[in-house]
Each structure stands twice: as structure tokens, then as C-alpha cells.
Amino acid sequence: MTYFHSYRTTKSKTFKPKKNVPEGTKQYQLQEYAKATLGSGNLKLAAILPEGEDINEWLAVNTYEFYNQINLLYGTIAEFCTPQECPVMSAGPKVEYLWSDNEKYKKPVELSAPDYVNHLMEWVQRQLDDESMFPSNIGEEAHLNTSFKHFIYFVQEFQLIEKKELQPLHELIVTLTSQD
């Protein structure tokens, strides 16, 4: 197995934990909502292997999904995390991540946060493209149905797509959502 990072501790004291958000503020409400939705059980259920599905396919499909989500999330902050603004990849003042891929970087090296993330994402992409690790010819119908079902619930919840636009898929939508 290839290890993509190691870490070392630093002695910097610049990190200060956030203070408690005052009750009654908008930030407090959002924080409480996030706690409630994360703890609602829906995400836990979404992680469970569907009955009759192959565990390796389930792991592969979810690995792709997490990779895509991380790519999207990082894209939202990439412009703020430049080599000048983020000279090291760290998790607070006591942990600095060093890059090692056992290929080009055999010994762990210090990289700026954006360089580290770029190397990491390229490394993951190479793993995902490796047919021996992640075969592309896997049966994904159940996962696609689950993803589509989640999408439909989401767009319906926020009225993002008019019903007439979904009409060609009406029978499929009814079939997938009638079990809930």
C-alpha cells in the first residue's frame, strides 16, 4: 500500500480555538441545525451497504463520490489558499503534513498546502484510474438509483426544478420514491 503522507509536530502557538457561539445568534442556529441534520441518521443509513450489493462495488462508488466532493469543496477555497498564504500543509499548530508517495517523493518533504493538495488529488486520481484497483465495469444501477433518488428529493425540497421538467422521468421517480 502506498502511504501519501506523514506528519510532524510543530511548536507554533498561533492557533486559537473558536469561542462558543452565543445562543440565539444566526451562527448558533446554523450550528444547531448542522448538528441535528448530521445526527439525524440519514447519512448513517446512506453509508450502509444496500442489501444484495457487492461490498467492493459499494466501496469503489463511494470512494469516487468522496473524491468528487472533496474536489468541489477544495475548489471553493483554493483561491484563498496560495503558497504564500498557506506555506505548509497543517492541521493546526502542532501537526504538519509531509508529502511522500513512494514514487517521485520517496522521503517525506514539506510542501505548501496547495502543492500538497494537488499532489494528493493527483495521487488519488491515479489510484481511481487504476483498473486493477477500481474496475470501471461494475454494476452501479443500485447506486445510481440511490443518487438519483437523493437528487429528486433535494430538488423537490427546494423547488429547484419545475414538475413539468421532470415529467419524462415521472414513472421512474414514482417507482423509486414510492417505497419511502
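The structure holds one disulfide, meaning a pair of cysteine sulfur atoms within 2.5 Å. Cys81 and Cys86 form this bond, with an S to S distance of 2.5 Å. Both cysteines, Cys81 and Cys86, are buried. Buried means under 20% relative accessible area, exposed means over 50%, and partly exposed lies in between (1.4 Å probe, protein chains only).

This is a predicted model: local features need pLDDT of at least 70, side-chain atom pairs count only at pLDDT 80 or more, and totals for chains, interfaces and linings use all residues. Residues are numbered from 1 along each chain as its sequence is written, and side-chain values use heavy atoms, with hydrogens and water left out.

Next come the charged side chains. Side chains of opposite charge can pair when their charged atoms come close. The structure holds two salt bridges, each a side-chain nitrogen of Lys or Arg within 4 Å of a carboxyl oxygen of Asp or Glu.

Glu103 and Arg126 make one of them, at 3.6 Å from N to O. This pair links distant parts of the chain, 23 residues apart: Glu103 sits in the loop between β3 (96-99) and α4 (113-129), Arg126 in helix α4. Helices (H or I, at least four residues) and strands (E, at least two) are DSSP runs, numbered from the N terminus. Glu103 has 43% relative accessibility, so it counts as partly exposed. Arg126 is partly exposed too, at 37%.

Glu162 pairs with Lys164 in a salt bridge, their closest N and O atoms 3.7 Å apart. Glu162 is exposed at 52% relative accessibility. Lys164 is exposed at 59%.

Now turn to helix α7 (residues 170-177). Its buried residues are Ile173, Leu176 and Thr177. They lie on the same side of α7 because they cover an arc of only 85° around the axis, taken from the directions from the helix axis to the C-beta atoms.
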